Amino acid sequence: MLSTPDLRGHSVLALHAHPDDEAIFTGITLRRLADAGARVVLVLATAGELGESRVPLGPGEDIAARRTAELENSAELLGVSRLVLLGQRDSGLPGWESGSHPHALVGADPLRLARRIAELAVAEGAETLIYDDEPGIYGHPDHVSTHRVGRAAAEMIGAASYQMTVDREHLHITAPGGHLVHGAAHAASVGFGRATAEITLAVTGSPEYLAGKRAAITAHASQVDPALLPTEGFEAAYGIEWFRHQGEPGVLDRLGNAHLTAVA
């Protein structure tokens, strides 16, 4: 059984590119942090305006409004204390003309956004930042941008930083084609994730946390078909969340290292 550390008095800021990323890549981690008493601040760089809706929109509703409402529902399920929207525009996949839009995240000054994140982290007392790894998990321009912003913000304030990714070797063995990142990488015609040896921390959770993560992902109904997340096999694909961390152990390390436990 996983132990629950006492993280009262700690704050963690998680920076994500689009609504649903928070649930797919860090759903277990954020909920466990919240349940341990940490204050969780979730920052979304864009509203995912370029994601087509798989369900009908309401009268006068656009995709940004729908995805923001879904994000708010997911954030509540994950125990988020504060949700912040940076207001940048979805850049779209590599090579899309949308990347040249004046408000696209990919064209924004990363230092300007990093200063906003740093100021927010200081105001919230967040000594730990979570953000994408250098390749943006699967190469999406917005994920690469949030890496640059998150890394710069962490350096500005000396925060512990955890870069989210996925273990592609683990997924190849346990859930070939069964994770949403497979489809995302295929759509972008890129690779994804990291080799197992590159990952320094992995977080897992009990069946209750898995169920909560699935609920948070499916809260994004405009983007995710629940049929793609069958209960059978869900743990194999989504039961571990992976990070790269350098330096002294930080708050996330106190959740336990599932990867090392699995190998032992």
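# Sheet, helices and selected residues

In this predicted model, 7 strands form an open sheet with mixed pairing, and their order across the sheet is E3-E2-E1-E4-E5-E7-E6. The edges are strand E3 (82-88) and strand E6 (201-204); each has a single partner strand, so one side of each is left without a neighbour in the sheet. From one strand to the next, the twist averages 25 degrees.

Thr46 stands opposite Gln88 in E3.

Helix H3 (residues 110-124) packs on the sheet, where it touches strand E1 (11-16), E2, E3 and strand E4 (126-132). The direction of H3 makes about 165 degrees with that of E3. Helix H5 (residues 141-157) also packs on the sheet, and its contacts are with E1, E2, E4 and E5. Between the direction of H5 and that of E4 the angle is about 160 degrees.

## Aromatic pairs

How many aromatic pairs does a search of the whole structure find? The search finds 2. One of them joins Tyr162 and Phe243, with 6.5 Å centre to centre and 90 degrees between the planes, an edge-to-face arrangement. This pair links distant parts of the chain: Tyr162 belongs to strand E5 (residues 160-165) and Phe243 to strand E7 (residues 240-245), 81 residues apart. Tyr162 and Phe243 are both buried.

Phe234 and Tyr238 also form a pair: their ring centres are 4.8 Å apart and their planes meet at 25 degrees, so the pair is stacked. These residues are in helix H9 (residues 234-238), and because Phe234 and Tyr238 are 4 residues apart there, about one helical turn separates them. Phe234 counts as buried because its relative accessibility is 5%. Tyr238 counts as buried too, at 1% relative accessibility.

| Pair | Centre to centre | Angle between planes | Arrangement |
|---|---|---|---|
| Tyr162 and Phe243 | 6.5 Å | 90 degrees | edge-to-face |
| Phe234 and Tyr238 | 4.8 Å | 25 degrees | stacked |

## A buried arginine

Arg32 lies in helix H1 (residues 21-35).

## Positive phi values

Most residues other than glycine have a negative phi. Two residues of this model can be set against that background.

Asp20 has a positive phi, near 100 degrees, and is a residue other than glycine. Its place is the loop between E1 and H1. Is Asp20 buried or exposed? With a relative accessible area of 10%, Asp20 is buried.

Ile137 likewise has a positive phi in a residue other than glycine, here near 65 degrees. Ile137 is found in helix H4 (residues 136-139). The relative accessible area of Ile137 is 2%, so this residue is buried.

Definitions and conventions
Residues numbered from 1 in each chain as written. Predicted model: local features only at pLDDT ≥ 70, side-chain atom pairs only at ≥ 80, totals over all residues. Heavy atoms only, no water. Phe/Tyr/Trp six-rings, centres within 6.5 Å; stacked < 30°, edge-to-face > 60°. Helix = DSSP H or I, 4+ residues; strand = E, 2+ residues; numbered from the N terminus. Buried < 20%, exposed > 50% of the residue type's maximum accessible area, 1.4 Å probe, protein only. Pairing = 2+ DSSP bridges. Axes fitted to C-alpha atoms, helices over the stretch in contact; angles between N-to-C directions. Contact = heavy atoms within 4.5 Å.
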